[in-house]
Amino acid sequence: MSTRWYPIYQRGNPQLRVFLPNFWMKLIRPTEEQPANVVTFAVSTEMTKYDVKNYLEKIYKIPVVEVRTRIALGDTKRDQTYGYVTKKDDVKLAYVTMPKTEAFTFPDMFASKAEKQEKDEKSMDESKAGFKKFLDRNKKRPGTPGWYSI
Amino acid sequence: MSSALVKCFNLAKAVKTVAFRSFLGTSTSTIQSWSPAATVGALSTKCGLHTSYPMRQEKLLMEFFDDPKHWSENEVKVGRAWKTDELRIKSNKELHQLWYILLKERNMLLTMEHECNEKMEMFPNPERIDKVKISMENLETVVRERNKAFHLLETGETGERPQRQVKNAFGLPMVYRSCEHALPPFMNTKWIKSRHVSCGGRAVQKFLLKYREKLYNAKRKAKNRSRNEVMMILRRNPNFDLNLLRNRFPDVDIDKLRQTDKTRGHYVPKVDV
């Protein structure tokens, strides 16, 4: 398709016109400690620094000062039983510097998860106990609906 | 009983809103009224792509994350992907906007999935990623159709990338998708060298001979197999429907086979009076 096939020359400027980009970017938690205005992204391997900058500025409207990229080697792992080696894909990491005034901290998304789970379990236990009570009460008169008596 | 009443009331309300929405034919409301729920959230919250933003940019980076109320959920309910038929009735501008919405949605889901994997947590409803992918594929199909139609009207060509059959290093046919070069072909020696990689040598000829023999044998065996099958059918069922056989095995000469001894069973043939 012509949107995926860039001609060497076309009339008018800019020469490279991207209509439907299919690059992906994911914001990842930095492994090392970094300044507050630096954000780490994992991006499509074929993206360049300029691509990353344009992507963030044009699509997300995020001001970008500098982009540094590197390709991180995927982990290799030897199978315990058969001894063959598997490798995960390489991934391009982009370290994006925003202006000094900006700051970004990676959010802690699972802070309230344990609390919520406990609550869920409690309500589940309650409903289980209620059903058991109902069954006990109806032992001698099976098939009676729940609203029949108190 | 009261809950049933409330449900009925809500249903009536929903029906009313749907009817109201469907009557709105304005271009601004079309996306929202047609959006499947897979992107409803994204559309309603992130539709303001080209509007002004507050100065603090931290909020913009939060577009890479899901809604905070979904962070600790075990299940996030979403609808289905966009279908091609729904996308065909959209304008080019709307498709363009939707593409970026889907792109952002995909980035968000990938970010969330990555973080969940890092923290050894369950990623709720991973099929959301597939749904976005399907939507994007469908959207691209629709854009491609339009592109093709436009090019055919304007230039008489499809506008697709031109491709032709060439032979690869093993002498086997391969589809070569052409691309533009700065130099014309006769000057581009590097390209010429890259195109003609030892094709047509003695080893290639030897390989091709054996390869063709293999293909021929496969074909011959298939032919023999169907012939034998027809023969066995005729031997066991002397009154079999010949037209059915002719349809089923078009490349077997059934009239000729009927004459052979092998199609006759071990019984005295019935002579019609």
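Reader: Is the crossing of helix 6 and helix 7 of chain B left-handed or right-handed?

Author: The crossing of those two chain B helices is left-handed, a term used if the near helix is turned anticlockwise from the far one by less than a right angle, with clockwise being right-handed. This is a predicted model, where local features need pLDDT of at least 70, side-chain atom pairs count only at pLDDT 80 or more, and totals for chains, interfaces and linings use all residues. Residues are numbered from 1 along each chain as its sequence is written, and chains are lettered from A in the order in which they are written.

Reader: What counts as a helix or a strand here?

Author: Both are DSSP runs numbered from the N terminus: helices are H or I with at least four residues, strands are E with at least two.

Reader: At what angle do helix 6 and helix 7 of chain B pack?

Author: About 155°, with the axes 10 Å apart. Axes are lines fitted to C-alpha atoms over the stretch in contact, and angles run from 0 to 180 degrees between N-to-C directions. Helix 6 of chain B is therefore roughly antiparallel to helix 7 of chain B, the term for angles over 145 degrees.

Reader: Which residues make that contact?

Author: From helix 6 of chain B they include B:Leu95, B:Trp99 and B:Glu113, and from helix 7 of chain B they include B:Arg128, B:Met136 and B:Val143. Contact requires C-beta atoms, placed from the backbone, within 7 Å.

Reader: Switching to the chain contact. How many residues does each chain put in?

Author: Chain B puts in 31 residues and chain A 30. On the chain B side, helix 6 gives the most, with 10 residues.

Reader: And how do the chain B residues divide by class?

Author: There are 11 nonpolar, eight polar and 12 charged. Ala, Val, Leu, Ile, Met, Phe, Trp, Tyr, Cys and Pro count as nonpolar, Asp, Glu, Lys and Arg as charged, and the others, Gly among them, as polar.

Reader: Now chain A. How many bridges join strand 2 to strand 6?

Author: Six, with strand 2 (residues 38-43) and strand 6 (residues 91-97) of chain A running antiparallel; pairing takes at least two DSSP bridges. A:Phe41 stands opposite A:Ala94. Strand 3 (residues 66-72) of chain A also pairs with strand 6 of chain A in the antiparallel sense, over seven bridges, and A:Arg70 stands opposite A:Leu93.

Reader: Last one: B:Ala203, buried or exposed?

Author: B:Ala203 is exposed, with 10 other C-beta atoms within 10 Å; 12 or fewer count as exposed, 20 or more as buried, and in between as partly exposed. B:Ala203 sits in helix 9 (residues 202-236) of chain B.

Methods. Two residues are in contact if their C-beta atoms, placed from the backbone, lie within 7 Å. Angles under 35 degrees count as roughly parallel, over 145 as roughly antiparallel, 65 to 115 as roughly perpendicular and the rest as oblique.
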